[in-house]
Amino acid sequence: MSASAAATDSHDPLKDLVQEVFNEYITNEMPIRLLHITEEDGKIKFELVDRDFVRKHFKEKIIPDNILADFAEKMIVDGEEREDRIRECVKKELKYAVLSHRWLPDNQEPLYHQVSKEPKEVADGPGWKKLERFCHTAKVVHNCEFAWSDTCCIDKPSSSELEESIRSMFRWYRNSHVCIAFLSETADLAALQLQETGKSGEKAVDPWFVRGWTLQELIAPLQIKFYGANWKPLIQGSTNDRNNRDSKVIMEKISTLTDIHMDDLESFTPGIDRVPEKMLWASRRRTTRIEDRAYSLVGIFDISIMIVYGEGNRAFFRLMEEVIKRYDKWDVFLW
């Protein structure tokens, strides 16, 4: 037998498929950049890394080999079902946490160019301390070696990276292991229960509930955990340890504050349907940039539009044009 024939005989299609799904998932389903979190002498350090680092990191942990061994043993049937199951296993292993929060004023948040590309402890300042607490919670509580924050994980001067990030953000939150939602002006669950809308303006509720981007951050993740101002979980103990979607105490209150139905809070599917209802959710929220009123909704409606900061209200008009192309009911503006 020739060497080429022997090589052909030793070829393993399942191994190739696992490797292909592994690489495709990192490239298409995970954020462009992540924070890699390490702990040394009880102190949290993090560095900003790209997808190549993530790919190499998980290969060194022989994640693809473990998935291959598992599937070879189970003898899963060929075809799309096997590929889908491999993708599910890859997603389960490639865990990362995402942060949902209200940005601090006066440029206090650490930005992309300020975060080190090698492991370092956090600098001083409230924004850095928030990032450190987020990374600590992701690593220690939720067992995630990687984390993503919209403050520092996007190279915003790069128009191509900013556009990909905005278009992909709903998917990144959906694919996360857990979304850590930080309510900076809510002390605990009792304080959340006292919040009301329409009584004394926006100050009556935590600012997290009235910001534009936090709408998709609320409904996109499959698992979300709420933390109060002191970084203690609103639901204490092992019950609903990582997923507050199962907590009717929290979700019923959030439904009251946001007018989002419990079914959507428990399991939301993006798409062009119930346009007036979704627009009503968004109409009660504010964004610092006018264009973000539109851009923060592209994932919720599962549509794509160009990202052009500086166009002002034109962004929302373009969003509605795209919605109307695919939504033919008369109530499109009834909100």
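## Overall build

The protein has 15 helices and six strands. These elements are DSSP runs numbered from the N terminus: helices are H or I of at least four residues, strands are E of at least two. The radius of gyration is 22 Å, close to the 20 Å that the globule rule gives for 335 residues, so the protein is as compact as a globular protein of that length. That radius is taken over C-alpha atoms, and the rule is 2.2 Å times the number of residues to the power 0.38. Along the principal axes, the C-alpha atoms fill a box of roughly 80 × 55 × 40 Å.

This is a predicted model: local features need pLDDT of at least 70, side-chain atom pairs count only at pLDDT 80 or more, and totals for chains, interfaces and linings use all residues. Residues are numbered from 1 along each chain as its sequence is written, and side-chain values use heavy atoms, with hydrogens and water left out.

## Burial, surface and charge

Of the 335 residues, 51% are buried. Buried means under 20% relative accessible area, exposed over 50%, and partly exposed in between (1.4 Å probe, protein chains only). The protein exposes about 16,700 Å², and carbon and sulfur atoms supply 49% of that area. Accessible areas come from the Shrake-Rupley method with a 1.4 Å probe; for residues, only the protein chains shown count as cover.

Residues 24 or more positions apart account for 66% of them. The protein carries 48 positive and 58 negative charges, and their mean positions are 4 Å apart. Lys and Arg count as positive, Asp and Glu as negative; His and the chain ends are not counted. Each charge is placed at NZ of Lys, CZ of Arg, CG of Asp or CD of Glu.

## Aromatic pairs

The whole structure holds 11 aromatic pairs. Rings of Phe, Tyr and Trp (its six-membered ring) pair if their centres lie within 6.5 Å; planes under 30 degrees apart are stacked, over 60 edge-to-face, the rest tilted. One of the pairs is W148 with W172: edge-to-face, 5.8 Å centre to centre, 70° between the planes. W148 lies in strand β4 (residues 146–148) and W172 in helix α7 (residues 159–175), so the pair ties together parts that are 24 residues apart in sequence. Both W148 and W172 are buried.

W208 and F226 also pair edge-to-face, at 5.6 Å centre to centre with 85° between the planes. W208 sits in the loop between α8 (189–194) and α9 (213–219), and F226 in strand β6 (residues 224–227), 18 residues apart. W208 and F226 are both buried. Elsewhere, ring pairs link F53, F58 and F146 into a cluster.

## Helix α10 and its surroundings

Helix α10 spans residues 248–258. Its buried residues are I250, M251, K253, I254, S255, L257 and T258. They pack against α8, α9, β6, α11 (262–266) and α12 (275–283). D259 follows α10 and has a positive phi, near 65°.

The loop between β6 and α10 holds I235. I235 counts as buried, at 13% relative accessibility. I235 and S176 are 59 residues apart in sequence and 20 Å apart in space, C-alpha to C-alpha.

## Q216 in helix α9

Q216 lies in helix α9. Q216 is buried, with a relative accessible area of 2%. Leaving aside neighbours within four places in sequence, Q216 is in contact with M169, F170, P221, S296, G299 and I300.

Technical notes:
Contact = heavy atoms within 4.5 Å.
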